[in-house]
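User: I am new to reading protein models. Could you show me how to read one, feature by feature?

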Amino acid sequence: MEKRKKIAVAIYTATAIWCAVLLLSLRFGFLKGFFYDTMYAHVQGIDFFPVAKSFRNLLAGRSIFDTFGAPMYGPYATWFLYHPAASILLGLWFGAMAPWTAYCTWTVLSLALMGVAAWVIARCGSDPVRKALVTLLMMGSFPAFIMLYVGNVQAVVVLAVALILAA
């Protein structure tokens, strides 16, 4: 059993290093070649910027769904398609920040939410190696990287599903 704990520690260490690489790649782009969106589309934060913009719209008395009305928030955006509560619950915190500062903060928070989701699922098991692998797969996967890249708010949904499945 001691050997499996050492393997688990190695996996957790690799996960932490890999997550740091993912975050650094979001800034410096050295993993861009693996994905079309990161290499050619130039859409970093595109799903996040409408969230903060929607709250700014709410404060200004405009529709929260008016993503493209002046003034813009961030360099580009998709339509605000989330539940209106996302505008209040997330936009409240990020709407006052500069766009890229808010995106960076959200990215770190999203990774933390993914870590909590991994912990919730991993604590259901007893094998330390499997627990560590759950963490690696949830936090260090390429889909997680794309979610962080575009600023998607699905980390909240992942945590909610993890809580439901673990219950």
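User: Is Thr38 buried or exposed?

Analyst: Start with the cut-offs. Buried means under 20% relative accessible area, exposed means over 50%, and partly exposed lies in between, using a 1.4 Å probe and protein chains only. Thr38 has 1% relative accessibility, so Thr38 counts as buried. Thr38 sits in helix H2. Residues are numbered from 1 along each chain as its sequence is written, and side-chain values use heavy atoms, with hydrogens and water left out.

User: Which residues is Thr38 in contact with, leaving aside its neighbours within four places in sequence?

Analyst: Contact means heavy atoms within 4.5 Å. Leaving aside neighbours within four places in sequence, Thr38 touches Leu31, Lys32, Phe145, Ile146 and Tyr149. Look at Tyr149: it is 111 residues from Thr38 along the chain, yet their C-alpha atoms are separated by 7.8 Å.

User: How is confidence read, and where is it lowest?

Analyst: pLDDT is the predictor's confidence in each residue, from 0 to 100. Where pLDDT is low, the predicted coordinates should not be read in detail. Here the protein chain has a mean of 91, and 99% of its residues reach 70 or more. Confidence is lowest in helix H2, residues 36-41, at a mean of 79. Confidence is highest in helix H6, residues 99-122, at 95.

User: How many helices and strands are there?

Analyst: Helices (H or I, at least four residues) and strands (E, at least two) are DSSP runs, numbered from the N terminus. The protein chain has nine helices and zero strands. Of its 167 residues, 43% count as buried. The C-alpha trace spans about 60 × 40 × 25 Å along its principal axes. Among contacts with a separation of 6 or more, 67% come from residues 24 or more positions apart.

User: How do H6 and H8 pack?

Analyst: Axes are lines fitted to C-alpha atoms, for helices over the stretch in contact, and angles run from 0 to 180 degrees between N-to-C directions. Angles under 35 degrees count as roughly parallel, over 145 as roughly antiparallel, 65 to 115 as roughly perpendicular, and the rest as oblique. H6 and helix H8 (residues 142-150) pack at about 150°, with axes 9 Å apart. The two are therefore roughly antiparallel. On the H6 side, Tyr103, Thr107, Ser110, Leu111 and Met114 take part, and they meet Met147, Leu148 and Tyr149 of H8.

User: Which residues of H8 are buried?

Analyst: In H8 the buried residues are Ala144, Phe145, Met147, Leu148, Tyr149 and Val150. These pack against helix H1 (2-28), H2, H6, helix H7 (128-139) and helix H9 (154-166). Just after H8 comes Gly151, with a positive phi of about 75°.

User: At what angle do H1 and H7 pack?

Analyst: H1 and H7 pack at about 10°, with their axes 8 Å apart. That makes H1 roughly parallel to H7. Among the residues making the contact are Ile7, Ile11 and Cys19 of H1, and Val129, Leu133 and Leu136 of H7. In general, an α-helix has 3.6 residues a turn, so residues three or four places apart point the same way.

User: How many disulfides are there?

Analyst: A disulfide is a pair of cysteine sulfur atoms within 2.5 Å. By this rule there are zero disulfides. Take Cys19: its closest cysteine sulfur, in Cys104, is 16 Å away, too far for a bond. Cys19 is buried, at 6% relative accessible area. Cys124 counts as exposed, at 52%.

User: Where is His42, and what is its phi?

Analyst: His42 lies in the loop between H2 and helix H3 (49-60). Its phi is near 55°, a positive value in a residue other than glycine. His42 counts as partly exposed, at 47% relative accessibility.

Definitions and conventions. Predicted model: local features only at pLDDT ≥ 70, side-chain atom pairs only at ≥ 80, totals over all residues.
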